[in-house]
Amino acid sequence: MSLVCGPATKSLQASQCFAMADKDPSPAEDAAARKKEAEEQAALPYKWTQTIGELDLSFNVPGNFKSRDLVVDIKKQTLTAGVKGQEPIITGDLPHAIRVDDSTWTLSTNSDGTKSVEIHLDKINKMEWWAHVVTSAPTIDVTKIQPENSKLSDLDGETRGMVEKMMFDQRQKEAGLPTSDEQKKMDILKKFQEQHPEMDFSKAKIQ
């Protein structure tokens, strides 16, 4: 978002500046997008969830299956998982790199007698939400993710501060308001202007 100033003056008044922001979708458009996203995710042959630093996905297989009946290949930038001799349940490039040594998979038994393949991926970048597990899959709108406070409390002080800043900035963008960095620049410009009233700030822009 940019701050664009109007006619030449010696003071930077709010009435002379306005924020240029993309038009927000209407409630109906937003609801339609959420519905489409939910349908696309429900159609996937696996389920997945994530925190800011980790991602977990799972899919079911028959109860008589053992680990030797499965293929799970976890690499830094790719993932393939499924049943031997069949088309993979999931395969493709990961959108971001993972720590292979800290990523795992297990085969557990469900209450209905089936088994579940559970794959845990440890993200290298602990400050990034994933829009999908593999790049060929439908995406989710990561700007709508609201991490639980309990999850935030698990983070160290510095990481939590960065996540909270990201969340604040996203809410500001959605409301057409300046982010924390943009607000800081505006405050610096305002202070500088007050110290130098003889200067013309009419064409000042904050990027």
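Of the contacts in the chain with a separation of 6 or more, 55% are between residues 24 or more positions apart; contact here means heavy atoms within 4.5 Å. This is a predicted model, in which local features need pLDDT of at least 70 and side-chain atom pairs count only at pLDDT 80 or more, while totals for chains, interfaces and linings use all residues. Residues are numbered from 1 along each chain as its sequence is written, and side-chain values use heavy atoms, leaving out hydrogens and water.

**Confidence**

The predictor's confidence in each residue, pLDDT, runs from 0 to 100. The chain averages a pLDDT of 80, and 73% of the residues score at least 70. Over residues 1–22 the pLDDT is below 50, although this stretch has 50 contacts in the model beyond near neighbours in sequence. Where pLDDT is low, the predicted coordinates should not be read in detail.

**Overall layout**

You will find four helices and ten strands in the chain. Both kinds of element are DSSP runs numbered from the N terminus: helices are H or I with at least four residues, and strands are E with at least two. Along the sequence they follow the pattern β-β-α-β-β-β-β-β-β-β-α-α-α-β. Buried residues make up 29% of the 207 residues, where buried means under 20% relative accessible area, exposed over 50%, and partly exposed in between (1.4 Å probe, protein chains only).

**Strands that pair**

Two strands count as paired if DSSP finds at least two bridges between them. Four strands build an open sheet in the order β3-β4-β9-β8, with antiparallel pairing. Its edge strands, β3 (47–50) and β8 (104–109), each pair on one side only. Elsewhere in the chain, β5 and β6 form a hairpin with three residues between them. In β5, L70, V72 and I74 lie on the covered face, whereas V71 and D73 lie on the uncovered one. Here are two of the pairings, side by side.

**The core**

A nonpolar core is a set of buried Ala, Val, Leu, Ile, Met, Phe, Trp, Tyr and Cys residues joined through side-chain atoms within 4.5 Å. The largest one has 25 residues, and Y46, L57, I119, L121 and V133 have the most contacts inside it. At least two residues of this core come from each of β4, β5 (70–74), β6 and β9 (115–122). β4 gives the largest share, four residues. Leaving aside neighbours within four places in sequence, I119 is in contact with L55, D56, L57, F59, V72, I74, A81, T104 and W105.

**A closer look at Q50**

Which strand holds Q50? Q50 is found in β3. With a relative accessible area of 17%, Q50 is buried. Its side chain joins that of K123 in a polar contact of 2.7 Å, and the side chain of Q50 also reaches the backbone oxygen of W130 at 2.7 Å. A polar contact is a pair of N or O atoms within 3.5 Å; within protein, one must be able to donate a hydrogen and the other to accept it, and residues adjacent in sequence count only if both atoms are side-chain atoms. Not counting residues up to four places away in sequence, Q50 touches L55, K123, W129, W130, I140 and I145.
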